[in-house]
Amino acid sequence: MTALLELEDVACHFRVPGGLVRAVDGVSLQVQKGETYALVGESGCGKSTLAKTILRLHPLVAGTIRFDGEDVAAMRGADAKRYRSRVQAVFQDPYSSLNPRLRVRTILAEPLRAHGVARADIAPRVDRVLGLVGLPASSATLYPHEFSGGQRQRIAIARALILEPDLVVLDEPISALDVSIRAQILSLLEKLQQELGLTYLLIAHDLALVEYAADKVAVMYLGEIVETGPVEPLFEAPKHPYTQTLLAAVPHPDPTAPRASADIRGEVASALTPPSGCRFHPRCPSCLPICNQHAPKTVTVAPTHTVACHLHD
Ligand code: SF4
């Protein structure tokens with residue numbers, strides 16, 4: 001398979017009055033065409049900042065982001081515009097991401113106009129994308145507040161798809177929705193991926209969602225990736241104590257099924273003053289004497305399964 005998105009040592013830092021926030025620090029990963037790659041971790045781990053850096057909404061401080069082999073930071077003019085059409089996003093709250101003063105037709109037509117699509121092609125493309133997300137063409141005349149939460153998320157998905165992207169960043173796409181409609185949106189996303197050959201980068205804190213929807217996962221802690229791999233083997237036998245802790249907290253349909261368990265201590269430290277050595281060491285139940293002095297290297301423990309922990313290096 002070909003990597004559609006490649007990140008190498010990506011960093012995203014912010015200067016604030018108290019110092020430098022290292023929100024993302026040295027992240028490397030590869031997303032292959034057609035797969036769903038999940039970034040998972042607690043709130044504040046840097047996953048949404050990383051997504052925004054990929055979307056060029058945050059500046060890249062260090063490292064390289066390549067999309068389809070091209071350096072994203074070096075893109076200018078027409079190349080940057082083409083990148084913005086090929087990489088789209090769906091955010092958590094559809095209500096705040098849709099302009100309430102515009103009709104759906106205008107919301108969906110805006111990106112087409114901005115990208116120079118011929119006037120005669122706009123209405124048919126709006127109708128087609130509404131059909132793709134399961135909404136009638138008559139929806140185009142309504143305003144966002146005239147829809148339910150699930151329908152609004154369908155409109156947000158339609159807007160992400162109107163430019164026929166290759167990669168869609170799904171930032172917590174169902175967490176603001178009623179539980180009763182989450183499954184509908186998930187199956188819509190699955191159907192669209194199959195029909196359109198989309199690649200998804202899924203940002204989530206919910207491991208049950210990742211287990212259901214993703215092919216591969218990267219677990220983030222305080223701006224760093226601590227474990228990556230295909231979802232099934234990684235969830236069956238997580239190697240990093242942080243991943244084990246996260247998974248132990250996920251309710252499982254079969255309570256007798258073996259699950260890793262671990263205790264976690266304290267709160268996530270600040271990305272302003274991350275702990276020395278392994279950033280997880282103040283909370284780790286398996287902490288070794290070396291852990292507060294030296295950051296662990298990332299090692300491969302099985303084909304495509306990597307972990308950054310002194311227990312494995
Ligand atoms: Fe725990 Fe040490 Fe592994 Fe960090 S490197 S997760 S502190 S055992």
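**Close-up 1. The lining of the largest pocket divides into 12 nonpolar, 11 polar and 4 charged residues.** Ala, Val, Leu, Ile, Met, Phe, Trp, Tyr, Cys and Pro count as nonpolar, Asp, Glu, Lys and Arg as charged, and the others, Gly among them, as polar. This is a predicted model, in which local features need pLDDT of at least 70 and side-chain atom pairs 80 or more, while totals for chains, interfaces and linings use all residues. Residues are numbered from 1 along each chain as its sequence is written, and side-chain values use heavy atoms, without hydrogens or water. The largest pocket (an open set of 1 Å grid points with protein on both sides within 12 Å along at least five of seven lines, lined by residues with an atom within 4 Å of a point) has a volume of about 570 Å³. Look for S28, I225, T228, T298 and T306, the closest to its centre of the 27 lining residues. Strand β2 (19–32; a DSSP run of E, at least two residues) gives the largest share of the lining, 7 residues. β9 (216–221), β10 (224–230) and β12 (305–308) each supply at least two.

**Close-up 2. The second largest pocket holds about 490 Å³ of space.** Of its 20 lining residues, R84, V87, Q88, A89 and F91 are the closest to the centre. The lining is made of 12 nonpolar, 4 polar and 4 charged residues.

Close-up 3. In a cavity, a 1.4 Å probe fits but cannot get out. The largest cavity, about 100 Å³, is lined by 15 residues, with P241, C278, C284, C291 and C309 nearest its centre. Its lining has 11 nonpolar, 4 polar and no charged residues. The second largest cavity, about 40 Å³, is lined by F67, D68, E70, M75, D79, R82, Y83 and R86. This lining counts 3 nonpolar, no polar and 5 charged residues, and α2 gives the most, 4 residues.

Close-up 4. I122, V126, V129, L130 and L132 of α5 are buried (under 20% relative accessible area, with a 1.4 Å probe). They cover an arc of only 150° around the axis, so they sit on the same side of α5. Among the elements covering these buried residues are α4 (104–114), α6 (149–161) and α7 (179–196). Just after α5, G134 takes a positive phi of about 80°.

Terms used
Buried means under 20% relative accessible area, exposed over 50%, partly exposed in between (1.4 Å probe, protein chains only). The arc is that of the directions from the helix axis to the C-beta atoms. Contact means heavy atoms within 4.5 Å. Grid points are joined across faces, edges and corners, and a volume is the space filled by probe spheres set on the points.
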